[in-house]
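I opened this notebook page to follow the charged side-chain pairs in one model. My plan is to go from the whole structure to single pairs.

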Amino acid sequence: MRIIVFIFILLLGNNVWGQEDTAAVQASPEQRQKRLENAEANLTLGLKDHDGAPRNNNGIRVVFYNAENLFFPEDDSTKRDDDFTKGGLKRWTYNRYQQKLNNIYKVMMAVGGWEPPAVVGFCELEHKKVLEDLINKTPLKKFGYEIVHEESPDRRGIDVGFIYRPSKFKYLDHEAIRVDFPFDKNLKTRDVLHVRGQVLGRDTLSVFVNHWPSRWGGQAKSEPKRVYVASLVRQKIDALYETNPNVKVVVMGDMNDHANNKSLIEVLKAKGDKEAVQKGDLFNYMEGLGKNWQLGSHKYQGHWGTLDHIIVSEPLLNEKRRGFLRASDGGAHIFAARFLLEEDIKYLGLQPFRTYAGPRFIGGFSDHLPIYIDLMYTTGLEEDEAVEEEDVEE
């Protein structure tokens, strides 16, 4: 029966691809080439400020990446992972799995430049095993990454996860924020992972790794789920602010919402205007990036968008004390490297080079682009401007 279903989907996919080819034919070769050239030229919007120089002991690079269905190719009877097995619809073999791991390694090295990222948050991971393979069965092994992960109750069996270099980020503790929807006791989703550590042995940083519920069924119908998760994250951040008004926080992840949606702007209270950010507020870098129609972290039906977000607490944005951690003046970035993109046959231009097109394996990276930010220690104030010890979170 599974074979019959696979053949049906394959035929259906071929029919859809045929329709896409027909749509592409409606544009002349000159038009297609022009759109492709324009799209490639616009990559500078994402890469013009990419600094590949090592951060050394001055700061760290923080990355988030939706890995797009990083499943281990063995069936887990407790999860809905049948498609991503050797006998499943995706024909997910060990060779394909290893290729995917190597692709993610290439992404991490390219984003990092001369120095690989200090911390990376992921989503769409099946379990801890895939992270173990990523840091032990690719050349990432030589950098000594360690893992923070908790198993989520998500019905598809996908989690968020976190890897870090202990020489750059000293792990302190973590918690998995479980999401129990009061309006639907049977609904399950990913935990939010909250990790705390010291950056280069000095300031403490809290990182929240998110993958909020999808828009399945429509944005309006599914919005209450994302609003509720946003409220849980906001409660945790408020508690941190109460303990330490100078708390350094990064909220990152695939929120499945845009910066101006209710979950982010009203509930999480992540503002997009730097001038409007006050004590206790959060600032969302993707508000500005999301206004540029020519670039995003994700493309849906021909339209770029920023469902992936990097959000920082006010002290990271406005820190001016010498020797304290702050967000780089360069802000957050979408890493739109050309090798992570392919030609968009249906809608023209470029699109993320993903692992599968329907049931067909094409060997790409992900349907999302990675995003990142640098956190650096300030050096701008004079030596005689003393820093009071109570301002440093232990």
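The entries below record what I looked up, pair by pair.

Entry one. I noted before anything else that this is a predicted model, and I then searched the whole structure for salt bridges, which gave 22.

Entry two. I looked up Lys86 and found that it forms a salt bridge with Glu74, with 3.3 Å between the closest N and O atoms. Both residues lie in the loop between β1 (59–70) and α4 (94–112), so the pair ties together parts that are 12 residues apart in sequence. I checked accessibility as well: Lys86 is partly exposed at 44% relative accessibility, and Glu74 is partly exposed with a relative accessible area of 32%.

I turned to Asp203, whose side chain meets that of Lys248 in a salt bridge at 2.8 Å, N to O. Because Asp203 sits in the loop between β6 (192–199) and β7 (204–211) while Lys248 belongs to strand β8 (residues 248–254), the pair ties together parts 45 residues apart in sequence. I recorded both Asp203 and Lys248 as buried.

Which residue forms a salt bridge with Lys248 at 3.2 Å between the closest N and O atoms? I found Glu319, which lies in the loop between α9 (314–318) and β14 (325–334), 71 residues from Lys248, so that I logged the pair as a link between distant parts of the chain. Lys248 has a relative accessible area of 3% and Glu319 one of 6%; since buried means under 20%, I count Glu319 as buried.

Technical notes:
Residues are numbered from 1 along each chain as its sequence is written. This is a predicted model: local features need pLDDT of at least 70, side-chain atom pairs count only at pLDDT 80 or more; totals for chains, interfaces and linings use all residues. Side-chain values use heavy atoms; hydrogens and water are left out. A salt bridge is a side-chain nitrogen of Lys or Arg within 4 Å of a carboxyl oxygen of Asp or Glu. Helices (H or I, at least four residues) and strands (E, at least two) are DSSP runs, numbered from the N terminus. Buried means under 20% relative accessible area, exposed over 50%, partly exposed in between (1.4 Å probe, protein chains only).
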